[in-house]
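Hello,

Here is the structure I promised to pass on to you. Have a look at it first, and my notes follow below.

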Amino acid sequence: MRFLLQRVAFYLFTAWAAITLNFFIPRMVPGDPVQSLISRNQGRISADAIASLRVLFGLDSDRNLWEQYVAYWGQLLHGDLGLSFTFFPAPVSEVIGNSLPWTVGLVGVTTIVSFLLGTALGVGAGWRRGSWIDGLLPATTFLSSIPYFWLGLVAIALFAGPGSFFPSSGGYEPGLVPAFDAYFVPSALQHSILPAATILVSSMSGWILSMRNMMVTVASEDYITVAHAKGLSERRVALSYAARNALLPNVSGFALSLGFIVGGTLLVEIVFSYPGLGFQLFQAVGSKDYPLMQGIFLIITISVLVANLLADVAYLLLDPRTRKS
Amino acid sequence: MSDKVLEIRGLRVDYGVGAEAVHAVRDVDLTLHRGEVLGLAGESGSGKSTLAYGLTRLLPPPGVVSGGQVIYHPVDGPPVDVLTLSPARLREFRWAETSIVFQGAMNSLNPVHKVSTQLLDVIRAHEPKSTAAGRLARARDLLRLVGIAADRLDSYPHQLSGGMRQRVMIAMALALEPQVVIMDEPTTALDVVMQRQILGQLAELRERLGFAVLFITHDLSLLVEFSDRIAIMYGGRIVEEAPAARLYREPLHPYTEGLLHSFPALRGPRRELTGIPGSPPDLRAMPSGCAFHPRCPKAFDPCDERLPVLGAPGVDDPTRAVACWLHPAVAPLPR
């Protein structure tokens, strides 16, 4: 318990540090959205228009950095992330709220499926070395060394195109209204197949390989020999003794990978123009949309920290040696 | 001679197959009688542990049993050859008839399961009809048997000391009241005081429960005290076998003599410690004839050419056997 409280305190501190950095970094970067609008219009904007734009974006107040920082925290605690510049006047929280479900749905589900499938295959491959699963390893390792987005491009080139079942971009058929009905859900599923398959193919082999290697390591432990000598069933030895112990590093790896769901597959979303958070971040960077960028970074930071905490808790639950009595 | 419980006949264990195979155990014959402690001693690499793993079919690859028989005589029922049991029958046989206490006292328990889980699962696997309450009561009794408080059932292995862990392993080995307990250097990782305690306890338990022990160690002094009979292994073969006291007082094989002179006597007059010159043979290139001849101070003509067979050295003495040209066999090995 004490250990857990220490961890929580540590993560709270880290969150504070991350949020503070998140506040300062964009303000230290030269240029602002008004500047970028001016340059986009090649200076054909009148001084009045510039002034009104500054007011519009809230850049007119000449508060110092500290006052802004305090105000930022005040807003943050109210869940107010400011207004997006690109989607003006939509608030950032709304923009994020609209795109987060897409990312969590696509990447979250594929991460979980890839972990479960990869770990199960790894258990099989490690327990029976030299079986057919071992034959798959070189192929999966090859696929995992290919970046997601490139695999995505290949997938689009091969499977998408006019008349193909697989759409090459978007999250659903244009013209449909997002809702849980018989038109929207199948369309969303259809649009998610290619990006999901891309992520699955390239992320699964990592789980297979690490689980297999841990199984092989654990299989030579003395307590496995003892378990065999005890006359336990093969299944019980494989699952309760070998896999149970081999799982530990994979579980913490999994908890960490949950943290990267939000920001980790930016390129896949860009390749497939998928309406998720990564795609949004890409657009925000392009248009110097600070509030949106900050908002997304905040979400990524928090999810990574929460995932770390989850990894700690999972380890605490799975490995009694880490528990201090 | 008392009842046999485990007979090893011509057991051969190789590492690897074909011409490259290393023969770690060569034509070993050994008989364990009901309720006795048979000590098996030898240097590192003499094949002691390989023999134990081979006869229980727990050899990790590339180890293979390439010949021989391991006959187990159940209390009731016909004898069975352990080496030919089907996987399902082998699982039933394991632990219920022959349990093992392994070398690694520290690593024999799974670190992520409680002591109770590991003690109960073996009972459940072999006695599926037992009730949970019955199993728990049994586990408590077992811990008490080896002098550990029953509330330690809820401990994890890392919360126990090395000595306690090994005692838990002994309790576990006795869980199904097997006829044979194989102990592979059970106290090697423990300090001397703990060794004494555990061995004393073990002797007591054996008196009470009457199981036979195959005790494997490199520590001959321990065996002299603790076992009824001792077999000495060298280069994968048994080179001498005799009642413990006789082996201690009048060893026949020069190797046994060397081993006995490698440690100080616990009682009696002081002797000079000599040790054995040279090093154990390379299993990939065994010397011709008697494997010990290059290190033997008494080697003579036939030693480097012909292999001495294990047999009784005198007609009047069927209880001991030796494989040495100094004491040529006059009778085949008593079975």
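Which residues point one way from strand S6 (residues 98-101) of chain B, and which the other way? B:Thr98 and B:Ile100 point one way, B:Ser99 and B:Val101 the other, and all are buried (20 or more other C-beta atoms within 10 Å of a residue's own, with C-beta atoms placed from the backbone). In a regular strand the side chains alternate between the two faces of the sheet. S6(B) runs parallel to strand S7 (residues 180-184) of chain B, joined by four bridges (strands pair if DSSP finds at least two bridges between them). B:Met183 in S7(B) is the bridge partner of B:Val101.

A word on the background: this is a predicted model, where local features need pLDDT of at least 70, side-chain atom pairs count only at pLDDT 80 or more, and totals for chains, interfaces and linings use all residues. Residues are numbered from 1 along each chain as its sequence is written, while chains are lettered from A and ligands numbered from 1 in the order in which they are written.

Now to where the chains meet. Chain B has 22 residues in contact with 19 residues of chain A (C-beta atoms, placed from the backbone, within 7 Å). On the chain B side, helix H2 (87-93) and helix H3 (115-126) each supply at least two residues (helices are DSSP runs of H or I, at least four residues; strands are E, at least two). H3(B) gives the most, with four residues.

Chain A is divided into domain 1 (2-77) and domain 2 (92-322), with bounds from an automatic or database domain assignment. Their centres, taken over C-alpha atoms, are 32 Å apart.

Best wishes

How values were computed. A residue is buried if 20 or more other C-beta atoms lie within 10 Å of its own, exposed if 12 or fewer, and partly exposed in between; C-beta atoms are placed from the backbone. Two residues are in contact if their C-beta atoms, placed from the backbone, lie within 7 Å.
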